[in-house]
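User: Could you walk me through this protein? I'd like the overall picture before we get to any single residue.

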Amino acid sequence: MVVEIKKIGVIGSGQMGSGIAHVCALAGFDVALSDISMDRIESGLANINGNMARQVQKGQISEEVRSAALDRISPAEDLDLLSNVDLVIESAVENEQVKRKIFSQLCPILKPEAMLATNTSSISITRLAASTDRPERFIGIHFMNPVPIMELVELVRGIATEDETFEAAKGFVAKVGKTIAVAEDFPAFMVNRILLPMINEAIYTLYEGVGSVESIDTAMRLGANHPMGPLQLADFIGLDTCLSIMQVLYEGLADTKYRPCPLLVKYVEAGWLGRKTQRGFYDYRGDTPVPTR
């Protein structure tokens with residue numbers, strides 16, 4: 001029997017978590033949004049409110065739909081408030097130990113039949129599932145960023161994921177209006193297995209002095225018809241996330257072609273993580289982004 005999903009828990013209220021809560025609420029699900037502090041949750045709710053307001057301005061949704069969707073989202077600073085959800089989607093930082101800690105705290109709270117999903121963009125679903133009390137009810141549901149705009153979701157089964165869980169996840173993704181691409185449980189799955197090495201190679205191109213930040217991004221925008229250059233995209237994703245994914249690929253596949261560029265490591269060590277810290281390959285502190293190299 002396919003699990004009926006009515007209420008969603010989302011752990012992490014940052015860019016990805018708030019985006020997931022946004023599309024779930026618009027699809028008619030009740031959503032409990034959780035994070036480590038009320039300040040973070042309120043920031044996530046403010047982002048959702050602003051993004052939905054823009055959808056209203058563009059005529060994509062009505063004001064009534066926006067208001068009803070916002071009413072479906074409730075803050076859950078305490079994980080105990082997730083005890084009655086049917087599906088929890090973890091969307092914390094891309095760090096395996098952080099995710100494992102969340103699952104260890106969460107599992108005793110959830111009802112036995114509740115499904116557990118991770119929005120990880122690179123980490124083994126099988127390994128994360130094994131750290132829970134319900135590996136058969138665990139699955140990877142990887143949304144793309146920004147969630148309200150991007151159409152794709154990668155659906156990734158772990159070795160223990162049951163057919164019932166997989167079918168329920170497919171139904172959920174369809175209901176939030178996304179297109180599914182089923183990926184096998186290999187490091188970084190499909191999108192990031194292809195995308196992040198390209199970004200890493202662009203950073204090597206910068207590191208080796210082949211081109212400047214501006215020339216590399218211009219070359220890929222106009223020469224490959226990409227909507228944004230790879231360095232601009234890296235800043236948008238977050239350089240810490242880019243580095244984490246490259247480390248997963250490098251360690252998981254044991255191939256030197258996935259070695260993170262030393263310049264990427266240096267930027268992360270400096271705390272220049274891209275848009276979220278106002279500096280990365282571009283400096284965003286002024287009216288117009290300025291290349292930092």
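Analyst: To begin with a term, a contact means heavy atoms within 4.5 Å. On that basis, residues 24 or more positions apart account for 65% of the protein's contacts with a separation of 6 or more. Please keep in mind that this is a predicted model, where local features need pLDDT of at least 70, side-chain atom pairs count only at pLDDT 80 or more, and totals for chains, interfaces and linings use all residues. Residues are numbered from 1 along each chain as its sequence is written, and side-chain values use heavy atoms, with hydrogens and water left out.

User: OK, and how many helices and strands are there?

Analyst: The protein has 11 helices and 10 strands, counted as DSSP runs (H or I of at least four residues for helices, E of at least two for strands) and numbered from the N terminus.

User: What share of the residues is buried?

Analyst: Buried residues, meaning those under 20% relative accessible area with a 1.4 Å probe and protein chains only, make up 47% of the 293 residues.

User: Switching to Asn200, is that one buried or exposed?

Analyst: Asn200, which lies in helix α7 (residues 191-207), is buried because its relative accessible area is 3%.

User: And what does Asn200 touch away from its sequence neighbours?

Analyst: Beyond the neighbours within four places in sequence, Asn200 is in contact with Met246, Arg259, Pro260, Cys261 and Leu264. As for Arg259, the side chain of Asn200 reaches the backbone oxygen of that residue at 2.9 Å.

Conventions: Buried means under 20% relative accessible area, exposed over 50%, partly exposed in between (1.4 Å probe, protein chains only). A polar contact is a pair of N or O atoms within 3.5 Å; within protein, one must be able to donate a hydrogen and the other to accept it, and residues adjacent in sequence count only if both atoms are side-chain atoms.
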